[in-house]
Structures are given as structure tokens and as C-alpha cells.
Amino acid sequence: MSEQDIERFLSEQNKRVEDLYQPVLLNHWMVATTGEQEWSDKHEQSLSEYWAHFSDRESFQKVTRFRKIDSLPLMQRRQLDDLHDKMIKNQFEEGTRQQILSLEKKISHVFTTFQPQVNGSRVSNNELLDILRYDLDHERRKQAWFASKEVGKRTEKDLLQLIRKRNEVARNLGFETFYHMSFATQELDLEQTFAMFETIKKSSDQAFRMIKDEIDEERAKVLKIKKDDLRPWDYVDPFFQEAPSIEHVDFDSFYKDQDLEQVVSQTFQAMELPIDDILKRSDLYPRKNKNPFGFCTDMDRRGDIRVLLNLDQSMYWVTALLHEFGHAVYFKFIDSRLPFLLRFHSHTLTTEASALFFGRMTKMAEWYERFLGIDRETCERIGRNMEKMLQRQMVVSTRWMLTFSFFEKSLYEDPDQDINALWWKLVKEIQYMAPPEDTGSPDWAAKMHFSLAPVYYQDYLLGEMAASQLHHYIKTNVSTDLFSPNVGTYLKENVFKPGALLHWNDKMKKATGEYLTPTYFIKQFFTNDEAS
């Protein structure tokens, strides 16, 4: 088989995959922005056609044969690796594929259109979060928390059916579980990843115990209850994945009357990473029947990049704004000369690293001074609280990500165990949160990722590790001023431009001189050995 034959095959694959991919992204965008069933049906159809392409047995056999050639150029090998990882997990019957897609579509529609009720009145997701953030009424908080979990009850049956079906497919393909298959096809080592997670769990334990106790003291005081009486609805979000604001410091107040689109534009422009074209194409504000969450999508891998948010003037949503545009600039500056298959991130964790790198800026005093126009005296006064807030957030979110990852792994290993009891066991052991009296409800299923972004959450924690590694390298070797053109150039050349041409860990080695390690993440947030 000649190099020209392989190139011809790859050229045909790139063209066909691009043609099939674009309708998937367009229909997904329309579902998220309208909530209309018509677009949901179109999305299901286009997604089915896209994945059906990777089920072709003859093409898979060619890819398998080509990959055995030792002398392949890097460009060809990486495209074949990408095709292989997509194809191997799609070597199953069309009827099974339709069953899986139908379940995912059904669950997605519930999440998109579901509106929780508090005291008999429908509330938006933002309104529900506001109750948990600000409302001091115990019963109203409790009602809001239970309302946030109602979507889990509505999706549990279909979700468990979906998990069993995913496992059935994976086992028929020779994998232990769908979870194991997903790691293998994401170029992740399962044992190595969870060894790093165990290291982080152990290293974060002391810091988390101190911070959790501090948070509990604050919440008990604010809510005027005993610390021992705190329950899940007494924190500021439904899963205790966010740290409450520092007592007596209202960070949300700094965003009032700010032009947030201008703020995010100026932030990225300072690094010579212009985003105004993406802002114009994006859908940033809440409305009825719109997906209540947030994401960034590269519609065609040719420059049509969009962000969906439900922005308000709060730290939570401004952090999300910076986070999603961290994804956006990654996609924007991938080398346009790469073939379609490689004009994408090398792994989700690498684009998460970019998103998290930018999202952390809402906890940096210098960002407030420079881009929100807060006077230096105020920034100096709150600077210590900023650092404390960032550490609190990272410690709290880390324990949440560990909870999610350990639970999801166990969920796929045995979906017939008492899943609801397992959830609260891990929440108690890792997040140190007292469960409600009734632990028999599928509270975990209210987290959309279990249904629609399976075996993804570990990438957030790996991305945090990568973000800290990049942060350390930039501060040490590129610029002590994060908001400089040199930083933008470094990110464009070493992180964004290569796209998927390099294995994600080879990209980390190229960008920082080391493969991914939890060392800098631990130093930055858990041992105070490095300034944040």
C-alpha cells in the first residue's frame, strides 16, 4: 500500500466527515437556541448519519491495516488514529445505534425544555440558582434544591437503560465497560488517570477539610442554623461544586452596570486574541426554551465559532463567559492548513485547559483593575480575598470533580448496584456533605453530563491540571503579566495552532517541557507553594 493510496483514502474521509459533521453542529445549535422538536428531530437524524459513517466495516479494516505501517508520516498517522478511535466504538448494528440515539434525544429534550417549580410557580435555572445563592428562607431553599433534582427523576429510567446499552456495545467490542472503551478511544490511560486523581484527593484533603469547615461556619451564621444541621440545600448550588463568596465580599457587585461583552473582548484583545467576530455570532442571554447552560461550538472548523450562554451580571456567569471564550480562541487559532480531521483539539482536556486558564481570571485582582476599572485601592483591599476565593473555588470544585469521576466509573462498572446510595456515600466521603433524610432518589441524574456528555467530567480535572501547568510555565518562562501579547503568541503557537496533529500529552511536553503532572495544580491550590 503506497503513501499516495493512504493519502487518497484520507482525503476522501476528510471530505465525507466534513459534509456529515456540519449539519450535526447546525442542528444542535438550533435545538439549543429554540428548544423546538423539529430541530431535535433533525439533529437526531444528522447525528445518526454522522456516526453511521464510522460504522462502515470496510473502511475500518483499511484504517486498521494502514495503522500497522511503521513508516507513516505524523500527519497521516494522527488522522488514522482519529478515524480508528471513532470507528472502533461504532462497529455495531444500526438498530442498536438508533436505540442509543433515540434515548439520548429523549433525555436531551427533557433537559432543554424542563422548567423546575418552586411553590407551584415555574422558575428558570438562573432564578433557581439565585434562590440557593441569596435566599435565606430555609423552606424556600429546600424546595429550590429538590426542584433542581426533579429532572433526574424524569430521566433516570431512560438514563439507566442508556448506560446498560452503552455497556452492551462496549463489551461486544472487547472492552470491559463503556467507561473503559471511552478512555481507550480518548487516548487516556485509565489506571494512570485515577492514580493522579488519588494523589490529588490525598493532597487536597487537609486543605478541603479546613475550607469546608470555614464555609460551614459561614453558611450556618448566614442561615442562622447550627453547623451540624447544614444540608445540601444550604450551599450555593445544587451539587456543592461552587464555593460561596467570601463573607462580607459581594463579588457580584463588581459586575453591575458593566458592559460584559466589552470586558471579555478587551481581556482577549490584550493578548492579541481578538474575539469580536465570535461575539457577533454568539447567543449570550437567557430566554424561554433556550438551553439553560453554556457551551462553545466550532460549527464548521473554518471560522464559524459560536458561544451559547445565559449571561447575567454575576461572577458565576462572567466566569462562564471567559471560560467559553477560552474554548473559542483555541478553535479560532488552530492551523487552517490542517486537514479537517485534525482541525480540532488534540483532546478535550487541552481545550478545557485553555477555557479554565481564562475562567480563573475572575479571581485575579489585577483583572478587576485592568478590565473592570476597579480602583487600585479597592483591588488591593480585596486582593487577598480574591486569592482566597480562587483557592476556595478550586478546592471545592476539585472535590466535586473527584466525586463525579469516581461515581461515574463505578456506575458503568455496575449499573445494577444501589446507585442512589452509592452517590450519597461518595458525596459524604469526598465532599463531606451531610445527605438529605431520603437518599433513595436519583439526585445524581439531575447532572446532565451523565446522560449527554458521558465519560467527560474527568477531562475538567485533567484540564485544571493542565491549566496550572501552563500557568506555571507562562509565569516562569514567558511573562509575569498574563495580559500581554507574548502570552497570546505563546498560546497560539504551542497550544492552539497544532490542533490534533500532536497527541495531547506530546502537546503538553512541547508547550511546557513536561508531560501532564498534578504537581503544579497541587502546588498552586493545596500546598500554597506557588502564588496563584
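Helices (H or I, at least four residues) and strands (E, at least two) are DSSP runs, numbered from the N terminus. Keep that naming in mind on this tour.

This is a predicted model, in which local features need pLDDT of at least 70, side-chain atom pairs count only at pLDDT 80 or more, and totals for chains, interfaces and linings use all residues. Residues are numbered from 1 along each chain as its sequence is written, and side-chain values use heavy atoms, with hydrogens and water left out.

**Stop 1: the whole chain**

Show everything as a cartoon. The protein chain has 21 helices and four strands. Along the principal axes, its C-alpha atoms fill a box of roughly 75 × 50 × 45 Å. The radius of gyration (taken over C-alpha atoms) can be set beside a globule rule: 2.2 Å times the number of residues to the power 0.38. For 532 residues, that rule puts a compact globule near 24 Å, and the 23 Å of the protein chain agrees.

Now colour by burial. Buried means under 20% relative accessible area, exposed means over 50%, and partly exposed lies in between (1.4 Å probe, protein chains only). Of the 532 residues, 59% count as buried. Next, think about contacts, meaning heavy atoms within 4.5 Å. Take those with a separation of 6 or more: residues 24 or more positions apart account for 75% of them.

**Stop 2: two strand loops**

Select Asn 119. This residue sits in the loop between strand E1 (117-118) and strand E2 (121-122). Asn 119 is not a glycine, yet its phi is positive, about 55°. Most residues other than glycine have a negative phi.

Go on to Arg 301. Look for it in the loop between strand E3 (295-298) and strand E4 (305-308). Here too phi is positive, about 60°, and Arg 301 is not a glycine. Is Arg 301 buried or exposed? Arg 301 counts as buried because its relative accessibility is 9%.

**Stop 3**

Select His 84, in helix H4 (residues 74-88). His 84 has 14% relative accessibility, so it counts as buried. Leaving out residues up to four places away in sequence, His 84 touches Phe 60, Val 63, Thr 64 and Arg 67.

Jump to His 449, in helix H17 (residues 449-452). His 449 is buried too, at 15% relative accessibility. Its contacts, not counting residues up to four places away in sequence, include Phe 404 and Tyr 460.

**Stop 4: helix H8 and its partners**

Select helix H8 (residues 178-185) and helix H15 (residues 376-413). Axes are lines fitted to C-alpha atoms, for helices over the stretch in contact, and angles run from 0 to 180 degrees between N-to-C directions. The H8 and H15 axes come within 8 Å and cross at roughly 120°. That angle makes H8 oblique to H15. Angles under 35 degrees count as roughly parallel, over 145 as roughly antiparallel, 65 to 115 as roughly perpendicular and the rest as oblique.

Show side chains. From H8, Phe 178, Tyr 179 and His 180 meet Ser 405, Glu 408, Lys 409, Tyr 412 and Glu 413 of H15. This contact divides into three nonpolar, two polar and three charged residues. Ala, Val, Leu, Ile, Met, Phe, Trp, Tyr, Cys and Pro count as nonpolar, Asp, Glu, Lys and Arg as charged, and the others, Gly among them, as polar.

Tyr 179, His 180 and Phe 183 of H8 meet Leu 190, Thr 193 and Phe 194 of H9. The contact of H8 with H9 has four nonpolar, two polar and no charged residues.

**Stop 5: helix H19**

Select helix H19 (residues 485-496). Which residues of H19 are buried? They are Val 487, Gly 488, Tyr 490, Leu 491, Asn 494, Val 495 and Phe 496. These residues cover an arc of only 165° around the axis, which puts them on the same side of H19. The arc is that of the directions from the helix axis to the C-beta atoms. An α-helix has 3.6 residues a turn, so residues three or four places apart point the same way.

What do the buried residues of H19 pack against? Helix H12 (315-332), helix H13 (348-359), helix H18 (458-478) and helix H20 (504-512).

**Stop 6: two distances**

Find Asp 506 in helix H20. Asp 506 is partly exposed, at 38% relative accessible area. Draw a line to Leu 516, ten residues apart in sequence: C-alpha to C-alpha, the distance is 9.2 Å.

Finish at Arg 337, in the loop between H12 and H13. Arg 337 is exposed, with a relative accessible area of 67%.
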